[in-house]
Amino acid sequence: MEFDIIVLGTGPGGEDAAGRLAEAGLQVAAVEAALVGGECPYWGCIPSKMMIRAADLLTEGRRVPGLAGDSTVSPDWAQVAERIRKEATDGWNDQVAADRLTGKGARLVRGAAKITGPGEVTVDGQVLRARRGIVVATGSQPAVPPIEGLRETPYWTNHHAIETEKAPESLIVLGGGAIGAELGQVFSRFGTAVTVVEGTNRLLPLEEPEASALITEVFEAEGIQVRTGARARRVSHDGSAFTLEVEDGPAVRAERLLVATGRRSDLRALGVGAVGLDESARSIETDGRMRAAEGVWALGDVTGKGAFTHMSMYQADIVVRDILGEPVHDAEYHAVPRVTFTDPEIGSVGLSEAQAREQGLEVRTALTRIPDSTRGWIHRAGNEGFVKLVAADGVLAGATSAGPVGGEVLSMLTLAVHARIPVRRLREMIYAYPTFHRAVEAALKEL
Ligand SMILES: Cc1cc2nc3c(=O)[nH]c(=O)nc-3n(C[C@H](O)[C@H](O)[C@H](O)COP(=O)(O)OP(=O)(O)OC[C@H]3O[C@@H](n4cnc5c(N)ncnc54)[C@H](O)[C@@H]3O)c2cc1C
Ligand SMILES: NC(=O)c1ccc[n+]([C@@H]2O[C@H](COP(=O)([O-])OP(=O)(O)OC[C@H]3O[C@@H](n4cnc5c(N)ncnc54)[C@H](O)[C@@H]3O)[C@@H](O)[C@H]2O)c1
């Protein structure tokens, strides 16, 4: 059981790295404790975006009156559940992905891996040795807060929410971040009475305050109860429903409780101390080539640089090139794009205004509302959104694009922040009429 490289975890980045390294002729072992493909295809991005596609279709249908005639929309969760089971996850069976990986020449080892020394990994008592090194790509798990009573209840994590065959009658969503906002809106659009309980004073607290205000307004208009600044005190389950007691406010009762309060990586269980890394840290520190220690690389959620599939794939590419000795650019994080697929979508890149000011930058900002743009006015129903630009030193340091296709409009802003294109040069560009992205031009003019 000796290999050139051992990859721990086969999420999007680990699977990609293991496959490419094996195809390049290295002897590779890929260790996986659950399903090859990781969180994204089975319990994350893909099935959740199928749910969102379905929920958005319902809402578009409901927007017909006044614009195109009459409509009656009858939600049927069974169709969503079936699509997730059949098209996305194969009934949570990873045989196709496992065959794809082994077909590239990697050896798949099933089980939970622990690093037990430099170049040494133990899986269920079996010792694997790596001549060149170890790639840690073990992702993250839901972080369940220490709220009294919670652990004794049958609460949901994203796994249960994605696997459910039925939209519940009522749902408490604990945590108003990306998962809570996306899944809360989905279930609400399928008829579930949803209450989102967020500990900080706004939804999507990592985004611009204008994005939080927009999503709160939309959620409340759709009938979602939003409780912010809400500190959960105790949770109980009486056999049929959950009760969440909240400080400074009435308790919330619902059939289901989804815990969406962030993610964590258990570095102690992974044994990273055996290669000299801090087991009490929240994430693994790396250099620009994703090297964490001699003969150790890390990528994906476990690096704490943004829990996104695109980050995991981006870092995997650097790891593969570094191991193969190919030319490679050091990882950069000044233009990390992220999209929360609520309706409206919240896309953002780089620094928020507050982050830019914290860094001591001399900041200028501008904001254009989508309903005030020509395309937004034409669109009418479901046209909420805005483009906000954060400029410093003559370039964009960050931007937010919220709107019907906010995530797509984000692409040009990501390019601008990534390539540090001067604002003056962006002003010289031609913007197609009447697109949503013309709101970027209006905001640039205001800047
Ligand atoms: C509901 C939801 C929606 C999301 N939507 C999006 C989205 O729209 N866009 C986006 O970019 N990101 C999204 N994400 C985040 C995305 O899924 C993750 O960032 C991505 O999957 C991380 O990839 P990774 O390679 O770090 O590892 P993961 O996908 O977390 O996979 C890690 C793998 O390692 C395995 N593993 C862990 N420990 C061990 C061990 N000791 N031994 C062996 N194997 C181990 C696990 O079983 C797992 O299969 C979403 C996440 C969730 C939960
Ligand atoms: N579209 C996407 O790209 C997408 C979608 C879903 C998830 N993700 C990734 O998955 C990660 C995890 O998602 P998430 O929503 O669990 O985490 P998150 O960090 O985005 O949000 C967690 C939220 O829970 C709140 N919270 C924490 N403890 C709480 C408590 N005790 N009571 C009430 N609120 C509490 C936090 O203030 C925060 O707003 C995200 O950070 C994101 O990187 C990405």
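These legends walk you through close-up views of a predicted model. Residues are numbered from 1 along each chain as its sequence is written, while chains are lettered from A and ligands numbered from 1 in the order in which they are written. In this predicted model, local features need pLDDT of at least 70 and side-chain atom pairs count only at pLDDT 80 or more, whereas totals for chains, interfaces and linings use all residues.

**View 1. The chain is divided into three domains.** Domain 1 covers 2-37 + 94-140 + 265-324, domain 2 covers 150-261 and domain 3 covers 337-446; these bounds come from an automatic or database domain assignment. The centres of domain 1 and domain 3, taken over C-alpha atoms, are 36 Å apart.

**View 2. Ligand 2 lies between domain 2 and domain 3, because both give residues to its shell.** Among the 25 residues around ligand 2, Gly175, Gly177, Ile179, Gly199 and Ala307 come nearest (a residue is near if its C-beta atom, placed from the backbone, lies within 6 Å). Helix 7 (178-189) gives the largest share of this shell, four residues. Helices (H or I, at least four residues) and strands (E, at least two) are DSSP runs, numbered from the N terminus.

**View 3. Three strands make an open antiparallel sheet in the order 11-12-13.** Strand 11 (232-237) and strand 13 (252-254) are the edges, each with a single partner strand, so one side of each has no neighbour in the sheet. Strands pair if DSSP finds at least two bridges between them; strand 12 (residues 242-246) and strand 13 have three. Look for Phe242, whose bridge partner in strand 13 is Ala254.
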